[in-house]
There are 2 protein chains.
Amino acid sequence: MIETQDIPGFFADRTTLDLSRYVMLRYRFETDADPKFAAASLCSEQSTAQWHRPGSTEDLRPQFAAKVVALNAKSGVVDVTIAHPWENFGAKLPNLIAAVAGEGAFYAPMVKAIKLMDIEFPDAYLKQFEGPQFGIKGSRDIFKIEGRPFFIGVVKPNLGLPPEQFAELAYESWVGGLDIAKDDEMLGDMTWSPLADRARAAGLARRRAEKETGTPKCYLACISDEVYDLPSLYKTAVENGANAVMINPICTGISAARQLRRISEVPVMGHFAGVAVSGRVSNFGVASVVWTKLMRLAGCDWIGIAGFGPRMQCSDEEVMANVRACWEPMGNIAQALPIPGGSDTAETLPMVAQKVGSPDFGFISGRGVFGHEQGPRAGATSLHQAWKNVAPI
Amino acid sequence: MIETQDIPGFFADRTTLDLSRYVMLRYRFETDADPKFAAASLCSEQSTAQWHRPGSTEDLRPQFAAKVVALNAKSGVVDVTIAHPWENFGAKLPNLIAAVAGEGAFYAPMVKAIKLMDIEFPDAYLKQFEGPQFGIKGSRDIFKIEGRPFFIGVVKPNLGLPPEQFAELAYESWVGGLDIAKDDEMLGDMTWSPLADRARAAGLARRRAEKETGTPKCYLACISDEVYDLPSLYKTAVENGANAVMINPICTGISAARQLRRISEVPVMGHFAGVAVSGRVSNFGVASVVWTKLMRLAGCDWIGIAGFGPRMQCSDEEVMANVRACWEPMGNIAQALPIPGGSDTAETLPMVAQKVGSPDFGFISGRGVFGHEQGPRAGATSLHQAWKNVAPI
C-alpha cells in the first residue's frame with residue numbers, strides 16, 4: 001500500500017522516457033479514491049510493490065516502476081495509460097501476461113473494476129518475437145487465393161464423426177469450392193477420431209479434390225492438446241496430410257502458439273475459444289483485442305475472432321478492432337488473417353464483407369456449409385455465389 | 001440454433017447415466033427465454049452443435065451430447081448441472097477448458113451472462129491424471145514441518161534486486177524461521193537477475209541457513225516462462241539450488257503445470273496470477289474454484305489462492321471454497337497445500353488460521369517479512385511468535 005508521498009514516483013512525462021523500453025498499457029478502472037492515487041497504486045502493484053530494502057535508501061522505481069503517462073478521470077471512471085518497462089518481464093508471453101493481467105493489476109488497492117483495454121509494443125520489443133511465418137500474403141501464395149476472402153468451413157457434425165465420414169464431407173466441400181476445411185475447435189486427438197487417422201483420410205481426400213479442381217486445398221487440423229504433446233501431434237497431423245494446424249491459445253496458453261510457430265512449416269491458426277471469459281464484460285477483465293494482438297505476436301498466421309451478428313454478443317466496433325489488430329503495422333511482425341466467425345452462411349457474406357471493407361479476411365461457415373440441406377458441396381458453392389453479389393471492396 | 005423439439009435430446013435422468021463417463025459442470029446463467037430451452041442450447045453449443053449429416057437420420061447425441069441433469073430457475077437466473085461426456089475432450093486440460101469455457105459455452109443462443117461455478121470429475125477421469133507428487137503430507141516430510149502452517153515469504157523488493165542481494169535477504173528470513181523463501185510471481189529468468197545466478201546464490205544461502213538452524217529450508221524459484229523453455233529452466237533452477245519451483249498456470253496455460261509435474265523431482269507451486277480476470281465477476285466467467293481444481297489436477301503440490309482481507313476482494317466463502325478444493329477427496333489425486341495470500345503479516349496470522357481451521361495451509365507474507373522495519377530475520381520470527389498466540393486448531 002503506497003502513501004501519498006509515493007505518488008510522483010509512479011508518474012512520468014512521456015517525452016522524458018526512452019519509449020523503446022516500455023510497453024504501453026491502456027486500462028479503464030473505477031475508483032472511489034483520488035484517481036492519481038489509485039493509478040499510482042495500480043502501477044506499484046504491477047511492478048515495484050516494494051522498491052527498497054528495509055534500512056536502505058535505494059529507489060528501484062526509476063528503472064523498474066510502471067509509470068502513468070496519461071490519465072483522464074470522470075465520475076470515478078479512470079482511463080489511464082501506463083508505461084511498463086518490459087525489462088520487468090522480457091520477451092516472454094506468460095511473463096508479460098502476469099505483469100499486465102496478474103495479481104498486481106487485478107488486486108491493486110483503491111482500484112475496483114478494472115479492464116485492460118489495449119496494449120502497444122515498441123519496435124525494440126517486437127523484434128524479439130517471430131510473428132506470423134506466412135501471414136496474409138504468404139497464405140494467399142500457398143493456396144492461390146486472390147482478390148477475395150479465404151472460404152473456410154468447419155466440418156460438422158463437430159463431434160463424434162469417424163475419420164472416413166469426416167474426410168468424405170471435407171472432400172465434398174472442397175470440390176464445391178471451399179479453400180479450407182477445418183476441424184472444429186473441440187476436435188483434437190480423440191479416441192473416436194484419432195488425429196493420425198483423421199489427417200490421413202482428410203489428406204487423401206484433399207489431394208483427390210486438388211487433382212479434380214486443379215486448385216490447392218487446405219485441411220486445417222485442430223491439434224490443441226497438452227503443451228508437451230504439441231510437437232508430436234504437429235508431426236502426426238502434417239505427415240499424414242494436414243497442411244495447416246490450429247490450437248486454442250487461451251486454453252493451451254498463448255505460449256503454446258509461439259511454441260508451434262517455432263516448429264511449424266505450415267500456417268498456424270489461433271482460435272478465440274476462451275477469449276469471452278475475460279473479454280466480454282465491459283468494465284472488467286482483458287479486452288479481446290489484447291488477446292488478438294498476443295496471438296499475432298505469438299506467430300498465429302490466421303486468427304479466429306468472434307464475428308458479427310447477434311450470436312457472438314460483440315459490437316461491430318469490437319469485431320473491427322480485432323480485425324485491425326491483425327492488419328495494423330506492428331514493427332517486424334507480419335499481418336495475420338482475421339477470421340471473424342459465428343454462425344455465418346452465404347446469406348451473411350455480403351454483410352460481413354461490407355463491414356470488413358477488404359477481401360483480406362477469412363469467411364468461415366460451419367452449419368452454413370456442412371448443415372446445408374443439399375450437402376456440403378452445395379454449401380461451399382453457395383459462398384462463391386454469394387461473393388459474386390458483393391460490390392467490389 | 002436448436003428447435004423446441006430438440007430439447008429432450010439434451011436432458012437426461014442422472015440415474016440412467018453411466019456417471020463414470022461424465023464430468024459434471026455447474027453453471028449459473030441469465031436468460032430471457034424458457035430456462036429449459038436455454039439450457040438445452042447451452043448443452044448443444046458446448047457439444048453436438050450439429051448431430052447428424054444432412055440427409056442422414058443419425059443422432060450423435062446419446063453418446064456425445066452434454067445433458068442437463070438438474071435445473072433450477074428463478075426470475076431469469078438459472079442454476080443448471082450439466083453432465084458432459086469426457087470422451088469429447090479426453091484427459092487433456094486444454095481440451096477440457098475449450099469444452100467447458102470455450103466458444104460453445106460462452107456464445108450459446110439465449111444464454112446471456114454465464115459463469116462456470118464448479119466442476120466435478122468421476123474417478124475414471126481422475127485416474128488419467130498424475131495429480132500432486134508430494135501434496136501436503138509429502139511436503140511436510142521433506143521440510144519437517146509438523147502441526148503448524150508452512151511459513152512462506154516472498155522476497156522483496158520483488159523486482160530489480162540483483163541475485164546476491166536477493167540471497168542475502170532470503171538467508172536472513174530462513175535464519176529467522178521462515179520455511180520457504182520464494183520468488184515473486186513476476187520474477188523468472190530476467191536479464192537483471194538470471195535464474196541460474198539467483199538460484200546459485202539462493203541455494204548457497206539456503207544450505208548455510210540449513211546448517212546453522214539444523215532445519216531443512218526451501219528456496220522456491222519462479223520459473224514461469226514460455227512453455228518450450230520450462231524443462232531447461234527447471235533444470236537450471238534445481239541444479240543450481242532451488243528445491244521447489246513455481247509457475248503462473250493461468251499465464252503459461254495450466255497444461256504447463258502438468259508438463260512440469262511430469263518432469264519435476266521437487267514440489268511444484270501454481271500461483272493464482274490471472275485467476276481474477278475470469279473469476280472476480282459474480283455473474284460471468286469461470287469461478288476461481290474451477291481454476292484451483294484444475295491446478296490440483298495438473299499436479300500442483302502447492303496452490304496459491306487469493307486470500308482473506310479486503311485487498312483480495314474475495315469473500316471468506318470463496319477463499320474457503322478454494323481451500324477445500326485443495327483438501328477434499330478427489331479420487332487418486334493427492335491433496336494440495338492451499339496458500340491463501342494477500343498482504344498478510346504476523347498480525348493477520350491468527351485471523352487466517354482461525355478461518356482456515358486447520359494447520360494444513362501455507363501462510364505467506366511478502367512485505368510483512370521482507371518489508372519488516374527490523375529486517376527479514378525479525379519479520380520471519382514474528383510469524384512464529386504470532387503462531388504461539390493462535391489457539392489450537
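In this predicted model, chain A can be laid on chain B with an RMSD of 0.0 Å by a turn of 180° and a shift of 0.0 Å along the axis. The two copies are thus related as by a two-fold rotation axis. Among the residues of chain A, Gly253(A) comes closest to that axis, with its C-alpha at 1.9 Å.

The contact between the chains can be taken next. It involves 76 residues of chain A and 76 residues of chain B. On the side of chain A that touches chain B, the elements that give two or more residues are α2 (61-64), α3, α4 (103-106), α10 (249-252), α11 (254-263), α12 (275-279), β10 (285-286) and α16 (367-370) of chain A. Of these, α3(A) gives the most, with 7 residues. Sorted by class, this side of chain A has 34 nonpolar, 28 polar and 14 charged residues. Of the interface residues of chain A, 100% are also interface residues in chain B, so the copies meet through the same surface.

Within chain A, the domain assignment gives domain 1 (4-126) and domain 2 (135-388). Taken over C-alpha atoms, the centres of domain 1 and domain 2 of chain A are separated by 36 Å. Where the domains touch, 14 residues of domain 1 of chain A are in contact with 18 residues of domain 2 of chain A. On the domain 1 side of this contact, β1 (22-30), α3 (93-101), β4 (114-120) and α5 (123-126) of chain A each supply at least two residues. The element that gives the most to this side is β4(A), with 6 residues. The residues of domain 1 of chain A that touch domain 2 divide into 9 nonpolar, no polar and 5 charged.

A helix pair in chain B shows packing inside one chain. Two packed helices are described by the angle between their axes and the distance between the axes. For helix α13 (residues 288-298) and helix α14 (residues 316-327) of chain B, the axes come within 9 Å and cross at roughly 20°. That makes α13(B) roughly parallel to α14(B), as angles under 35 degrees count as roughly parallel. The crossing of α13(B) past α14(B) is right-handed. From α13(B), the residues Ser288(B), Val289(B), Thr292(B), Lys293(B) and Arg296(B) take part in the contact, and they meet Glu318(B), Ala321(B), Asn322(B), Ala325(B) and Cys326(B) in α14(B). By class, the residues of this contact are 4 nonpolar, 3 polar and 3 charged.

Some details of the backbone remain. In chain A, Lys156(A) and Pro157(A) are joined by a cis peptide bond, with omega about 0°. The loop that holds Pro157(A) runs between β5 (150-154) and α7 (163-175) of chain A. In chain B, a cis peptide bond likewise joins Lys156(B) and Pro157(B), and omega is about 0°. Pro157(B) lies in the loop between β5 (150-154) and α7 (163-175) of chain B. Another loop of chain A, between β2 (67-74) and β3 (77-85), contains Ser75(A). The phi of Ser75(A) is near 50°, a positive value in a residue other than glycine.

Methods
Residues numbered from 1 in each chain as written. Chains lettered and ligands numbered in written order. Predicted model: local features only at pLDDT ≥ 70, side-chain atom pairs only at ≥ 80, totals over all residues. Axes fitted to C-alpha atoms, helices over the stretch in contact; angles between N-to-C directions. Helix = DSSP H or I, 4+ residues; strand = E, 2+ residues; numbered from the N terminus. Parallel < 35°, antiparallel > 145°, perpendicular 65-115°, else oblique. Left-handed = near helix turned anticlockwise from the far one by under 90°. Contact = placed C-beta atoms within 7 Å. Nonpolar A, V, L, I, M, F, W, Y, C, P; charged D, E, K, R; others polar. Domains from an automatic or database assignment. Least-squares fit on C-alpha atoms with pLDDT ≥ 70 in both.
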